[in-house]
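Subject: Structure for your files

Hello,

The structure you asked for is below, with the sequence. My notes on it follow.

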Amino acid sequence: MELPVIGVPHVKDKDDIKFMIYGDIGIMNEKYSVADICFICDITGSMQYHIKVIRELLIDFTRNIQGIVNSQPRIAFVGFRDKEEEKKGKQIECVDFTAKPEQIVEYLKKVKCFGGGDTCEDLVTPLTRALSLDWRSDLNYVYLLLDAPAHGKSYHKEEISDYYSNDDEEKLLEKLAVHYRKSRINLVVLKCNENVDMMIEIFKKYYESQINKMSVIEMKRDECLKENFAKEFLITITKDISCLLYTSDAADDMQCVDLGGRRIIKKKKKKK
């Protein structure tokens, strides 16, 4: 399976590279985005409440990020149901990246959560679909909301029903984890229950490296859900945006930084 390569468009001169890596904070070019945030959400029957939570908090999220960097992040949405909905054309519901979060909110108002014959879900299709979106930022995030593991006997306990388990499915998901890491997409799992724990641990083995770490936010349904989710969401994203602001200062002198935003310290030659 050939996976798309994501990232900002090819640039030709130093000014474009400076903008691509560090962002011209407050003067956002149409070609680039300070942060691209994609929500990949299970929209089977059990998820209506959690979709409502995301919908109600989405505009506040983007306003908070805009308040930090004085620039609007872009939001995308990929909703997924299980394989039996594929023939009906209802397996994937998708909105590509937009700087207008109200468009996503209005779309989510119309999303109906239904389906789900067995417990497990098809994660390969939505994770692949998300890679084909119009990514334009150097700060890329996927928030994966789910309450059930992927198809594959390695990803769940024996008592969990799985009508589509096969080895090929497991290999594809592991390949996707590696591709997300290489594509520099920050992956955050929004975990609704313990059914997904085994899958998360396996996914981490293929996704994580010394640089990439997969975050997990608890999304158990209780009276504190909205407050806790809002807090954890901003923690996962603002720390990286703060780094962007820091390295953008260093970028004022392009000869003093490398393409990762790190200052180049030249060793002084000792006089003989």
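The second largest cavity has a volume of about 30 Å³. A cavity here is a set of points, on a 1 Å grid over the protein atoms alone, where a 1.4 Å probe fits but cannot get out, and a lining residue has an atom within 4 Å of such a point. Grid points are joined across faces, edges and corners, and the volume is the space filled by probe spheres set on the points.

This is a predicted model, in which local features need pLDDT of at least 70 and side-chain atom pairs count only at pLDDT 80 or more, while totals for chains, interfaces and linings use all residues. Residues are numbered from 1 along each chain as its sequence is written, and side-chain values use heavy atoms, with hydrogens and water left out.

Back to the cavities. The structure holds 2 of 30 Å³ or more. By class the lining has 6 nonpolar, no polar and no charged residues. In this scheme Ala, Val, Leu, Ile, Met, Phe, Trp, Tyr, Cys and Pro are nonpolar, Asp, Glu, Lys and Arg are charged, and the others, Gly among them, are polar.

On the overall fold: the protein chain has 7 helices and 6 strands, in the order α-β-α-β-β-α-α-β-α-β-α-β-α along the sequence. Helices (H or I, at least four residues) and strands (E, at least two) are DSSP runs, numbered from the N terminus. Of the 272 residues in the protein chain, 47% are buried. Buried means under 20% relative accessible area, exposed over 50%, and partly exposed in between, with a 1.4 Å probe and protein chains only.

In helix α3 (residues 101-110) the buried residues are Pro101, Ile104, Val105 and Leu108. These residues cover an arc of only 100° around the axis, which puts them on the same side of α3. The arc is that of the directions from the helix axis to the C-beta atoms.

Next, the aromatic residues. Rings of Phe, Tyr and Trp (its six-membered ring) pair if their centres lie within 6.5 Å; planes under 30 degrees apart count as stacked, over 60 as edge-to-face and the rest as tilted. By this rule there are 9 aromatic pairs. One of the pairs is phenylalanine 97 with tryptophan 135: the ring centres are 4.8 Å apart and the planes are at 65°, so the pair is edge-to-face. The pair links distant parts of the chain, 38 residues apart, with phenylalanine 97 in strand β3 (residues 92-98) and tryptophan 135 in the loop between α4 (124-131) and β4 (140-146). Phenylalanine 97 is buried at a relative accessible area of 10%, and tryptophan 135 is buried at 3%.

Tyrosine 141 and tyrosine 143 form a stacked pair, 6.5 Å centre to centre with 25° between the planes. Both of these tyrosines are buried. Tyr141 and Tyr143 also belong to one aromatic cluster with Phe39, Phe61, Phe229 and Phe233.

Two arginines sit over rings. A charge counts as over a ring if NZ of Lys or CZ of Arg is within 6 Å of the ring centre and within 35 degrees of the ring normal. The charged end of arginine 81 is 3.9 Å from the centre of the phenylalanine 114 ring. Arginine 221 lies over the face of tyrosine 49, 4.0 Å from the ring centre.

Some loop residues are worth a look in the viewer.

- Proline 149, in the loop between β4 and α5 (167-182), is buried with a relative accessible area of 0%. Its C-alpha is 5.3 Å from that of cysteine 120, 29 residues away in sequence.
- Isoleucine 160 is in the loop between β4 and α5 and is buried at 13%.
- Leucine 133, in the loop between α4 and β4, is buried at 7%.
- Arginine 184 lies in the loop between α5 and β5 (185-191) and is exposed at 52% relative accessibility. Most residues other than glycine have a negative phi. Arginine 184 has a positive phi of about 60° although it is not a glycine.

Regards

Conventions. 1 Å grid on protein atoms, 1.4 Å probe; cavity = no way out; pocket = protein on both sides within 12 Å on 5 of 7 lines; lining within 4 Å.
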